[in-house]
Amino acid sequence: MTEFNPADIRVIACDIFGTTFDWRTGVADQVSQVAAEQDVAIDGGEFADAWRDRYLPSIQCVNRGERDWAHLDTLHRESLDDLLENRGMAGAFDEAARRRMVRAWHRLPAWPDAASGLARLRGRYVVAALSNGGFALLTNLINSTHLPFDCVLSAELARMYKPAPAPYMTAADLLDIEQDRILMVAAHTWDLDGARQAGLRTAFLERPLEKGPDRPADRAANTTSDLAATSFDELADKLGC
């Protein structure tokens, strides 16, 4: 790629889970609440980790063509059912409880810097949510937190999941812009690798606690990107917003 020039960027595309929203805290707290109502003692954080561990394998099955397209809510539900079965807890959670647990991914807290940083970026760029989450999920998250996104670009549109090229390319097509005018912002090396291979520019946003206090998160030092920052506000500073 050519040397990175912020003046060439027109769109800031933001990953959602882990980058913009604290998925682990949100899922752990809500799962713990549902479990308590069922009189089941679980470690919400550990359960959230185990559930999230099934995320990449499930989307890879779709991308490899091993199964038909399925919405992320469907994949989350299948992973949840499998997790409960493997732990001998299937009988403790009825249909209503399982639906509430899946919907936990629709109600997550934003990282504290998200609102202010995105607002600054939006003063100069189109700011889009580019996520593997479905339209309903992303709409619910953004509405509940009032984050200043201009548009939602869900993997549903491409019927493939990041890091396959299709979601990134679909975003460029829908926004009628060259791929290298989009800056993909993510806290995950695999996401930025996929974006770069699709022709996007990339910014790594470090979230040390994305996976909780006991698991290492991806780090800028181990990620190839055009920019690196520790918050959306720092990213805005580096882009001159």
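Q: At what angle do helix 4 and helix 5 pack?
A: Helix 4 (residues 72–86) packs against helix 5 at about 125 degrees, and the two axes are 10 Å apart. That makes helix 4 oblique to helix 5. Angles under 35 degrees count as roughly parallel, over 145 as roughly antiparallel, 65 to 115 as roughly perpendicular, and the rest as oblique. An axis is a line fitted to C-alpha atoms, for helices over the stretch in contact, and angles run from 0 to 180 degrees between N-to-C directions.

Q: What should I know about the model and the numbering?
A: This is a predicted model, in which local features need pLDDT of at least 70 and side-chain atom pairs count only at pLDDT 80 or more, while totals for chains, interfaces and linings use all residues. Residues are numbered from 1 along each chain as its sequence is written, and side-chain values use heavy atoms, with hydrogens and water left out.

Q: And what counts as a helix?
A: Helices (H or I, at least four residues) and strands (E, at least two) are DSSP runs, numbered from the N terminus.

Q: Back to that pair. Is the crossing of helix 4 and helix 5 left-handed or right-handed?
A: Right-handed. A crossing is right-handed if the near helix is turned clockwise from the far one by less than a right angle, and left-handed if anticlockwise.

Q: Which residues in helix 4 and helix 5 meet?
A: Helix 4 brings Asp73, His76, Arg77, Leu80, Asp81 and Leu84, and helix 5 brings Glu95, Arg98, Arg99, Met101 and Val102. Contact here means heavy atoms within 4.5 Å. Sorted by class, that contact has 6 charged, 4 nonpolar and 1 polar residues. Ala, Val, Leu, Ile, Met, Phe, Trp, Tyr, Cys and Pro count as nonpolar, Asp, Glu, Lys and Arg as charged, and the others, Gly among them, as polar.

Q: How do helix 1 and helix 5 cross?
A: Helix 1 (residues 23–37) and helix 5 (residues 95–103) have axes that come within 9 Å and cross at roughly 165 degrees. The two are therefore roughly antiparallel. This crossing is right-handed.

Q: Which residues of helix 1 meet helix 5?
A: Val31, Gln33, Val34 and Glu37, which meet Ala97, Arg100 and Met101 in helix 5. By class, this contact has 4 nonpolar, 1 polar and 2 charged residues.

Q: New topic. Which residues touch the most other members of the largest nonpolar core?
A: Ile12, Trp51 and Leu121, in a core of 59 residues. Helix 1 gives the largest share of this core, 6 residues. A nonpolar core is a set of buried Ala, Val, Leu, Ile, Met, Phe, Trp, Tyr and Cys residues joined through side-chain atoms within 4.5 Å. There is also a second, separate core of 17 residues, which includes Ala13, Met184, Ala195 and Ala198.

Q: What is Ile12 in contact with?
A: Setting aside neighbours within four places in sequence, Ile12 contacts Leu121, Tyr125, Val126, Val127, Ala128, Leu183, Val185 and Leu239.

Q: Which residues are buried in helix 9?
A: In helix 9 (residues 189–197), Thr189, Asp191, Leu192, Gly194 and Ala195 are buried. Buried means under 20% relative accessible area, exposed over 50%, and partly exposed in between (1.4 Å probe, protein chains only). The buried residues of helix 9 pack against helix 8 (165–174), strand 4 (182–186) and strand 5 (201–205).

Q: Where is Arg107?
A: In the loop between helix 5 and helix 6 (114–122). Arg107 is partly exposed, at 42% relative accessible area. Not counting residues up to four places away in sequence, Arg107 touches Gln30, Arg100 and Leu141. The C-alpha atoms of Arg107 and Leu141 are separated by 5.8 Å, although the two are 34 residues apart along the chain.

Q: Now the backbone. Which residues does a cis peptide bond join?
A: Lys162 and Pro163, with omega about 15 degrees. Pro163 is in the loop between strand 3 (151–154) and helix 8.

Q: What about the phi of Arg159?
A: Arg159 is not a glycine, yet its phi is positive, about 55 degrees. Most residues other than glycine have a negative phi, and most peptide bonds are trans. Arg159 lies in the loop between strand 3 and helix 8 and is partly exposed, at 47%.

Q: Is Asp176 buried or exposed?
A: Exposed, with a relative accessible area of 71%. Asp176 sits in the loop between helix 8 and strand 4 and also has a positive phi of about 55 degrees.
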